[in-house]
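Reader: I would like to learn how to read pockets and cores in a model. Please take me through one.

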Amino acid sequence: MAVDRLYQLLQNRIEGVVSTPDQFHPAQLTNFGNLYHWTPRFVVEPASARDVAAVVAFAREHGLTISVRGSAHSQSRLAISNGGILLSMTSMRRILPPDPSGRTVDVEGGVIWRDLVRALAPRHLVPPVLTNNLSVTVGGTLAIGGLGLTSFKYGTQGDNVQELDVVTGTGEKITCDRKRNSDLFWGSLAGLGQAGIITRARLDLRKAKPMTRTYYLLYDDLRGFLEDAKAAMESGVWDHLESWASPCPQGTKPVAGRRQVFARWFYPFHLTVEFDPENPPDDAKLLRGLKPFDRLYTDDLPTIDFLERMIPVFDLWKRGGTWGHVHAWVETVLPWERAADCIESVLPDLPPSVLVGGHVLLWPAKGTSSRSRFFMRPPGEDLMGFGVLPAIPPRFWEQARPMLDNLGRLTELMGGKRYLSGYIDWDEDRWREHFGDQWEPYCALKRKYDPDSLLNPGFVPFPAARPAGVPAAD
Ligand SMILES: Cc1cc2nc3c(=O)[nH]c(=O)nc-3n(C[C@H](O)[C@H](O)[C@H](O)COP(=O)(O)OP(=O)(O)OC[C@H]3O[C@@H](n4cnc5c(N)ncnc54)[C@H](O)[C@@H]3O)c2cc1C
């Protein structure tokens with residue numbers, strides 16, 4: 001194979017590593033969704049923010065696009081590149097010591113959250129919000145939102161950032177915060193990487209207690225669960241809240257003209273408090289007023305183990321082979337008032353088999369806990385996250401697709417706002433609908449900081465965007 005004539009020119013410009021298609025690993029051609037398989041022209045692993053700026057300058061000179069990639073745990077047309085540069089940020093994972101007061105820490109954009117959690121553990125410091133999956137990068141979750149079990153108190157991960165260094169689509173390196181270059185700051189949080197590449201973030205920290213106690217409650221009635229979820233959010237006593245819908249298969253019934261397995265659904269609700277070992281929680285006092293169908297289990301764990309509690313689950317998905325399936329997750333933030341109707345209209349016909357290697361999430365949340373401009377959510381104080389997260393064998397994808405398309409549309413019609421790292425295949429009208437009155441500011445941000453549509457093409461159909469994968473000029 002002839003050597004790409006731009007290869008050496010690009011490599012000469014940076015300290016990091018450039019690779020060409022003959023060196024790519026198949027995983028670099030897709031993401032966790034496994035829905036699209038695109039081949040970049042180069043994969044670049046930058047060594048520094050200077051490298052990132054040099055790559056942007058190079059791309060501009062040669063008419064190449066840049067798609068930014070963290071751990072590629074998103075789906076759809078994110079973190080993959082069709083003929084452009086795939087900028088693989090996990091090569092930039094330096095963690096500086098926290099500031100002396102323990103309130104903030106500076107990290108590079110490619111830092112994996114799990115590495116940060118472990119680095120901070122000896123000082124009992126934690127970022128206020130952590131995602132269930134800790135193998136993702138700081139830049140990757142800030143660009144999407146970043147939700148976790150504490151979001152009902154602290155909002156998105158983006159709500160817990162003090163300052164960012166961003167390399168824009170024009171190649172400028174800009175430091176921004178809530179006051180300085182604030183449009184770029186807010187535009188980089190839940191902005192899908194469309195304005196710039198986050199090379200450094202100053203993240204908030206909080207002090208965590210060394211132990212956690214989790215109460216495993218089970219509900220047999222959605223509305224009863226919702227009532228208690230709201231009470232739990234408002235009680236001010238819980239540190240982490242997590243819930244699901246869990247199927248108990250019953251047999252088959254006709255659904256859309258075919259007999260299909262159906263389930264009776266139950267609602268596990270896990271409520272967690274942090275504590276010092278010398279001052280254990282008072283179980284009766286904490287649980288007073290809650291009305292579960294059953295109380296199954298109480299689990300005491302060191303806080304670090306609690307934060308890493310999902311690692312064995314994801315390992316099981318990997319060992320079981322479902323990690324490599326198609327993932328077309330439909331995750332929606334619903335208005336509280338319509339959550340029960342929406343969930344009750346979906347679950348009775350949802351075949352439990354779609355949840356092998358996946359699950360159905362229910363996340364009680366407070367809309368008022370976030371100030372993020374581009375993390376779209378319904379109006380109102382109380383919100384409910386509803387996520388149907390299937391793992392579909394590739395040969396069944398076309399069969400499953402209409403169900404997931406309909407599910408996504410239904411949740412949007414019920415007033416929900418979709419979480420954008422999942423299965424999104426929208427035309428411009430639906431993007432406009434999603435962003436509502438933020439669509440114009442979002443497009444203006446793109447025009448200002450990435451006027452030539454270099455960054456992350458192929459996902460958001462900006463009015464003047466160049467189509468994804470347009471070959472380089474030379
Ligand atoms: C098993 C599993 C569990 C999950 N659980 C949660 C959860 O609990 N909460 C939650 O919120 N999400 C969850 N997610 C979704 C996941 O957090 C998001 O997909 C996240 O974006 C993944 O981060 P990443 O590093 O893999 O980013 P990627 O998938 O690589 O990239 C995502 C987006 O960020 C952009 N990007 C990446 N790095 C940068 C950067 N440095 N600067 C600017 N833009 C950048 C990319 O261009 C892309 O648009 C889960 C995903 C999986 C697979």
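Reader: By class, how many nonpolar, polar and charged residues does the lining of the largest pocket have?

Author: First, the ground rules. This is a predicted model, where local features need pLDDT of at least 70, side-chain atom pairs count only at pLDDT 80 or more, and totals for chains, interfaces and linings use all residues. Residues are numbered from 1 along each chain as its sequence is written, and side-chain values use heavy atoms, with hydrogens and water left out. Now the general idea. Rolling a probe the size of a water molecule over the atoms shows where empty space is left. On a 1 Å grid over the protein atoms alone, a pocket is an open set of points where a 1.4 Å probe fits, with protein on both sides within 12 Å along at least five of seven lines; lining residues have an atom within 4 Å of a point. Here the lining has 16 nonpolar, seven polar and three charged residues. Nonpolar means Ala, Val, Leu, Ile, Met, Phe, Trp, Tyr, Cys and Pro; Asp, Glu, Lys and Arg are charged; the others, Gly among them, are polar.

Reader: What is the volume of the largest pocket, and which residues lie nearest its centre?

Author: The volume is about 770 Å³, taken as the space filled by probe spheres set on the points, which are joined across faces, edges and corners. Gln260, Pro351, Val354, Ala400 and Met403 lie nearest the centre, out of 26 lining residues.

Reader: Which helix supplies the largest share of the lining?

Author: H12 does, with seven residues. Helices (H or I, at least four residues) and strands (E, at least two) are DSSP runs, numbered from the N terminus. E13 (258-275), H11 (336-346), E19 (391-392) and H12 (397-413) each supply at least two lining residues.

Reader: Which residues have the most contacts inside the largest nonpolar core?

Author: In soluble globular proteins, nonpolar side chains tend to be buried together. A nonpolar core joins buried Ala, Val, Leu, Ile, Met, Phe, Trp, Tyr and Cys residues through side-chain atoms within 4.5 Å. Buried means under 20% relative accessible area (1.4 Å probe, protein chains only). Here Leu142, Leu164, Leu203 and Trp431 lead, in a core of 66 residues. Its largest share, five residues, comes from H14 (residues 439-449).

Reader: Which residues of H14 are buried?

Author: Trp439, Tyr442, Cys443, Leu445, Lys446 and Tyr449.

Technical notes
Buried < 20%, exposed > 50% of the residue type's maximum accessible area, 1.4 Å probe, protein only.
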